[in-house]
Amino acid sequence: RPARKRSGHAKLLAAMESKSEKELLQRLIEGSPTSGAYKKLYFTNFMGIPGNDYCIMQHTNKVCLLYLAESHSIIQWDKDVKQVEFCSVEGNPEEYKVTGKSKKGAEKVDIGSTICRIHTTDLDYHITSCVQGNLIEINENLLANPNLIKSKHDSEGYLVIIQPRFKDLICFAETFMDQSEYNISKEKK
């Protein structure tokens with residue numbers, strides 16, 4: 001029996017074994033989070049707390065990467081980040097895995113749910129979710145290098161990846177600001 005050609009899916013799986021997770025993620029989304037595949041959305045003074053500003057990078061497939069916005073207190077005041085402690089993940093954060101198309105094993109997060117605690121030299125910040133949905137991934141790189149939150153706050157410094165529910169996507173346009181609205185709000189501060 002002749003050998004079968006490997007399908008595109010099999011080739012992708014073979015590539016997974018030889019590429020780091022970050023490189024694979026970049027290949028799958030066809031560009032960096034700042035590329036055209038993403039739409040930046042902002043929420044400032046979340047939960048009425050000044051400087052509690054978030055950036056959501058929403059992919060065309062509607063998956064959202066949650067970041068601290070450049071106007072967040074930690075970034076604005078150049079806080080030295082000592083540790084990131086993920087709170088929403090039950091058990092060991094390094095063992096958090098979801099599987100399949102339906103994201104079996106994903107934790108549900110609500111708006112206002114604590115995602116993590118960021119410990120700086122002088123304060124602890126409770127980071128809460130401004131998106132409701134399934135927690136798809138936590139950024140394990142922050143466990144080893146917590147200052148990525150500041151140094152790469154618009155790329156590798158994402159906190160979590162959340163897959164919002166379809167019905168919640170409609171409220172995004174009403175609740176979040178786009179880049180131009182965010183720039184105007186930063187100027188007013």
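Hi everyone, let's start with Leu68: beyond its neighbours within four places in sequence, it is in contact with Asp53, Tyr54, Cys55, Ile74, Ile75, Ile118, Ile127, Ile149, His153 and Leu159. Contact here means heavy atoms within 4.5 Å.

A quick word on the model. It is predicted, so local features need pLDDT of at least 70 and side-chain atom pairs count only at pLDDT 80 or more, while totals for chains, interfaces and linings use all residues. Residues are numbered from 1 along each chain as its sequence is written, and side-chain values use heavy atoms, with hydrogens and water left out.

Back to Leu68. Which residues have the most contacts inside the largest nonpolar core? They are Leu68, Ile118, Leu159 and Val160, in a core of 30 residues. Apart from that core lies another, of 14 residues, including Cys55, Val63, Ile136 and Tyr158. By nonpolar core I mean buried Ala, Val, Leu, Ile, Met, Phe, Trp, Tyr and Cys residues joined through side-chain atoms within 4.5 Å. Buried is under 20% relative accessible area, exposed is over 50%, and partly exposed is in between, using a 1.4 Å probe and protein chains only. As a general point, nonpolar side chains in soluble globular proteins tend to be buried together.

Now to the strand that holds Leu68. Strand β3 covers residues 64-68, and five of its five residues are buried. On one side sit Cys64, Leu66 and Leu68, on the other Leu65 and Tyr67, so both faces are covered. Helices (H or I, at least four residues) and strands (E, at least two) are DSSP runs, numbered from the N terminus.

Who are the partners of β3? Two strands pair if DSSP finds at least two bridges between them. The β2 and β3 hairpin has four residues between the strands, and Lys62 there takes a positive phi near 80°. Strand β9, residues 160-164, also runs antiparallel to β3, joined by three bridges. Val160 in β9 is the bridge partner of Leu66.

Next, the charged residues. How many salt bridges are there? The count comes to six, where a salt bridge is a side-chain nitrogen of Lys or Arg within 4 Å of a carboxyl oxygen of Asp or Glu.

One of them joins Lys150 and Asp78, at 3.0 Å from N to O. Lys150 lies in helix α5 and Asp78 in the loop between α3 (73-76) and β4 (81-86), so the pair ties together parts that are 72 residues apart in sequence. Helix α5 spans residues 148-151. A polar atom of the Lys150 side chain also lies 2.6 Å from the backbone oxygen of Lys79.

Lys79 has a salt bridge too, with Asp122, and the closest N and O atoms are 2.8 Å apart. Lys79 is in the loop between α3 and β4, and Asp122 is in the loop between β6 (114-120) and β7 (124-128), 43 residues apart. Lys79 is buried, with a relative accessible area of 12%.

Finally, Glu85 and Arg117 form a salt bridge with closest N and O atoms 3.5 Å apart. Glu85 is in strand β4 and Arg117 in strand β6, so this pair ties together parts 32 residues apart in sequence. Glu85 is partly exposed at 32%, and Arg117 is partly exposed at 28%.

Methods
A polar contact is a pair of N or O atoms within 3.5 Å; within protein, one must be able to donate a hydrogen and the other to accept it, and residues adjacent in sequence count only if both atoms are side-chain atoms.
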